[in-house]
Amino acid sequence: MSGINYDLTKIKALAFDVDGVLSPSTIPMDEEGNPMRMVNIKDGYALQLAAKCGYRLAIITGGKARATDVRYSALGIQDIFQGVAKKLPCLETWMLDNALRPEEVIYMGDDIPDLPALRHVGLPCAPRDSASEVLATASYISRFDGGYGCVRDVVEQLLRANGQWLSDAKAFGW
């Protein structure tokens with residue numbers, strides 16, 4: 001049983017912000033001022049399983065880091081957009097390129113730059129520690145903070161609702 005009040009059988013695609021969603025809001029920096037993001041292994045497991053199950057996945061982030069490309073492409077995410085100052089036009093183009101309607105898309109963001117994208121999709125989601133404006137906009141608020149399993153929470157509920165969570169051999173490997 002899902003805690004998400006939405007018909008998850010409609011969902012074909014998911015898009016995520018990075019900082020504050022796939023990584024915690026607090027990010028250590030190296031001596032040159034480059035962010036050194038943490039990742040959640042359970043989020044990663046869920047993402048790679050969603051990719052194997054045929055969902056279209058995207059990363060849309062204002063940040064720029066080679067590690068982001070390496071990490072998320074290794075999980076099967078083909079659409080990684082970095083250095084995106086305005087996320088809605090990027091999301092709209094991605095949806096158009098993949099013939100996706102808003103009601104078929106989940107977007108998960110945590111801060112003010114994510115608001116236009118959150119308002120454009122059928123299922124706007126947010127980590128528990130998101131900005132108050134994002135929490136007021138989200139249809140689903142995870143019980144987990146950004147970087148600490150909020151992505152796993154949403155993806156697992158989606159896959160369970162569609163009978164794809166641990167449903168065959170592809171679930172038991174990377």
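Where is the place of S142 in the chain? S142 sits in the loop between β6 (140-141) and α6 (150-161). The legends below begin with the whole chain and then return to this residue.

This is a predicted model, in which local features need pLDDT of at least 70, side-chain atom pairs count only at pLDDT 80 or more, and totals for chains, interfaces and linings use all residues. Residues are numbered from 1 along each chain as its sequence is written, and side-chain values use heavy atoms, with hydrogens and water left out.

**Figure 1. The whole chain contains 6 helices and 6 strands.** Helices (H or I, at least four residues) and strands (E, at least two) are DSSP runs, numbered from the N terminus. Along the sequence they follow the pattern β-α-β-α-β-α-β-α-β-α-β-α. The radius of gyration, taken over C-alpha atoms, is 15 Å. The C-alpha trace spans about 45 × 35 × 30 Å along its principal axes. Of the 174 residues, 48% count as buried. Buried means under 20% relative accessible area, exposed over 50%, and partly exposed in between (1.4 Å probe, protein chains only).

**Figure 2. The 6 strands form an open sheet with parallel pairing.** Their order is β3-β2-β1-β4-β5-β6. Two strands pair if DSSP finds at least two bridges between them. The edge strands are β3 and β6, and each pairs on one side only.

**Figure 3. Strand β2 pairs with β1 and with β3.** Strand β1 (residues 13-16) runs parallel to β2, and 4 bridges join them. With β3 (residues 79-81), β2 pairs in the parallel sense over 3 bridges. A58 of β2 is the bridge partner of A15. In β3, the bridge partner of A58 is D79.

**Figure 4. Two β-α-β crossovers share strand β2.** A right-handed β-α-β unit is made by β1, helix α1 (residues 41-52) and β2. From β2 the chain crosses through helix α2 (residues 66-74) to β3, and this crossover is right-handed. Right-handed means that, with the strands pointing away from the viewer, the path from the first strand over the helix to the second runs clockwise.

**Figure 5. Q82 lies in the loop between β3 and α3 (87-97).** Its C-alpha atom is separated by 5.8 Å from that of G62, and the two residues are 20 residues apart along the chain. A polar atom of the Q82 side chain lies 2.7 Å from the backbone nitrogen of A65. Leaving aside neighbours within four places in sequence, Q82 is in contact (heavy atoms within 4.5 Å) with T61, G63, K64, A65, T68 and D69.

**Figure 6. S142 lies in the loop between β6 and α6.** Is this residue buried or exposed? S142 counts as buried because its relative accessibility is 1%. A polar atom of its side chain lies 3.0 Å from the backbone nitrogen of F144. Not counting residues up to four places away in sequence, S142 touches M108, A126, P127, R128, C150 and D153.

Terms used:
Polar contact = N/O pair within 3.5 Å; in protein donor to acceptor, adjacent residues only side chain to side chain. Rg over C-alpha atoms; globule rule 2.2 N^0.38 Å.
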